[in-house]
Amino acid sequence: MGFSTDCIHAGNAPDPLTGAVSVPIYQTSTYVQEALGKHKGYEYARTQNPTRAALEENMAVLEGGAGAKAFASGMAAITAVSTFVKAGEHVVCSNMTYGGTHRYYTKIQARSGVEFSFVDTSDEEIVRREFRPNTRLLHLESPTNPTMTLCDIALLSQIAHERGALVVVDNTFASPYLQKPLDLGADLVIHSTTKFLNGHSDSIGGIAVAKSQEHVDWLGFVQNGAGAILSPLDSWLVLRGIKTLAVRMERHESNGREIARFLAAQPKIEKIYYPGLPDYPQRALAEKQMRGFGAMISFDLGSYEAAGRLLGAVKLCSLGESLGGVETLISHPATMTHASIDEADRNRLGVTPGLVRISVGIEDVEDLIADLERALAAV
Ligand SMILES: Cc1ncc(COP(=O)(O)O)c(C=O)c1O
């Protein structure tokens, strides 16, 4: 089926009991069994829940995987994938991931004896050099947060596989509408479903999709064994959000392009990061591996004070962390999403005090541009 059809129908079979067109929220902790060892495939709700299973089936189809497992947050999905790596093994990770990913790897997983290299994954030679005999996982995020740097998923997957490592791609910024990492060669995809998949800023969740059944089975074992499951209500909210993913992404995308064009023409903006701009250095790669450029834009106003004046003056764009909702959110990565990274490292990565990130929503684009125009006048 086409992508929009799958968004609506994959995993969303009518309820067998009533025919309800919307998958019910199975808000139950356990299931009555008919006799010893005789049940309907459901024993305990940490292990199996039909609402969660519907979302997992839906996402497995959208990402083209053998299966998916849903977790309590994007970070819980990343934590689950990190269990593919054992003490004494090594991970090569993009140096510009979501700050929380870096924090989890360096401050939590490193305590268990896992080694890490954080490198510029937009440079294949650097990535190649970083592999060691004990490298087990290559963690990619493309586009990266917040500087919209891309990496060549197909090429890096080939490099990793030749060296016996698995490849996981955080596809949160793109969503499967814009990019399908498993088709490009990755083994695993993770999402913070909190973002574009749910799309309405009313749920925290995460999901991991695997290409092979063996990896799905392990993720299911971790989901049950470690217990960071997505709740039935949150599973339902994400499943409902995904039904409109294709139409929302079309609008996010067209608004994103227009706003990037507007921002690129503003003299007060020193630098703008958006893969869809004609002079964006990685535009060709974006065209090769994505089916659009998305709705995430960052721009540098040159100083903390200038960024503060803009963020204080916007009215329609809401100042807040997170992204991917129907409403436009604007944020300051250095003090918000990336505050856990050392200042020197932040500056080196382009997460400067003047950097502002915008997650373009699906409002009328003229209203958004008017709001930004007014706020820029205050800078
Ligand atoms: C790219 C990316 N991955 C993962 C996460 C973590 O997701 P969550 O906040 O749902 O735990 C985020 C959160 O902002 C993110 O932006």
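Predicted model: local features only at pLDDT ≥ 70, side-chain atom pairs only at ≥ 80, totals over all residues.
Trainee: Hi! How many helices and strands does the protein chain have?

Mentor: Hello! The protein chain has 15 helices and 12 strands. Its radius of gyration is 21 Å, close to the 21 Å that the globule rule gives for 379 residues, so the chain is as compact as a globular protein of that length.

Trainee: And what does the C-alpha trace span along its principal axes?

Mentor: About 75 × 50 × 35 Å.

Trainee: What share of the residues is buried?

Mentor: Buried residues account for 56% of the 379 in the chain. As for the surface, the chain exposes about 15500 Å², and carbon and sulfur atoms supply 54% of that.

Trainee: What about contacts between residues at least 6 apart in sequence, how many of those join residues at least 24 apart?

Mentor: That would be 73% of them.

Trainee: Let's go to pockets. How much space lies in the largest one?

Mentor: The largest pocket holds about 420 Å³. Its lining is made of 17 residues, and those nearest the centre are Asp 15, Pro 16, Tyr 26, Tyr 42 and Pro 50.

Trainee: How does that lining divide into nonpolar, polar and charged?

Mentor: In the largest pocket, 12 lining residues are nonpolar, two are polar and three are charged.

Trainee: And the second largest pocket, what is its volume?

Mentor: There you have about 360 Å³ of space, with 22 residues in the lining. Met 75, Tyr 98, Ser 192, Thr 194 and Lys 195 lie nearest the centre of that pocket. By class, the lining has seven nonpolar, 10 polar and five charged residues.

Trainee: Which elements supply at least two residues of that lining each?

Mentor: Helix H3 (74–82) and strand S6 (188–192) both do.

Trainee: Tell me about Met 75, then. Where does it lie?

Mentor: Met 75 is part of helix H3, and it is one of the residues nearest the centre of the second largest pocket.

Trainee: Why is Met 75 classed as partly exposed?

Mentor: Because its relative accessible area is 23%, and the partly exposed class lies between the cut-offs of under 20% for buried and over 50% for exposed.

Trainee: What is Met 75 in contact with, leaving aside neighbours within four places in sequence?

Mentor: Met 75 is in contact with Tyr 98, Gly 100, Thr 101 and Tyr 104. Of these, Tyr 98 is also listed among the residues nearest the centre of the second largest pocket.

Trainee: What lines the largest cavity?

Mentor: Its lining residues are Pro 143, Met 148, Phe 173, Leu 178, Pro 275, Met 290, Phe 293, Gly 294, Ala 295 and Met 296. They divide into nine nonpolar, one polar and no charged.

Trainee: And what classes line the second largest cavity?

Mentor: That lining has three nonpolar, six polar and two charged residues. Among them are Ser 94, Asn 95, Met 96, Asp 120, Glu 141 and Cys 151.

Note on methods. Residues numbered from 1 in each chain as written. Heavy atoms only, no water. 1 Å grid on protein atoms, 1.4 Å probe; cavity = no way out; pocket = protein on both sides within 12 Å on 5 of 7 lines; lining within 4 Å. Points joined across faces, edges and corners; volume = space filled by probe spheres on them. Nonpolar A, V, L, I, M, F, W, Y, C, P; charged D, E, K, R; others polar. Helix = DSSP H or I, 4+ residues; strand = E, 2+ residues; numbered from the N terminus. Rg over C-alpha atoms; globule rule 2.2 N^0.38 Å. Buried < 20%, exposed > 50% of the residue type's maximum accessible area, 1.4 Å probe, protein only. Contact = heavy atoms within 4.5 Å. Areas by Shrake-Rupley, 256 points an atom, 1.4 Å probe, with all protein chains shown as cover.
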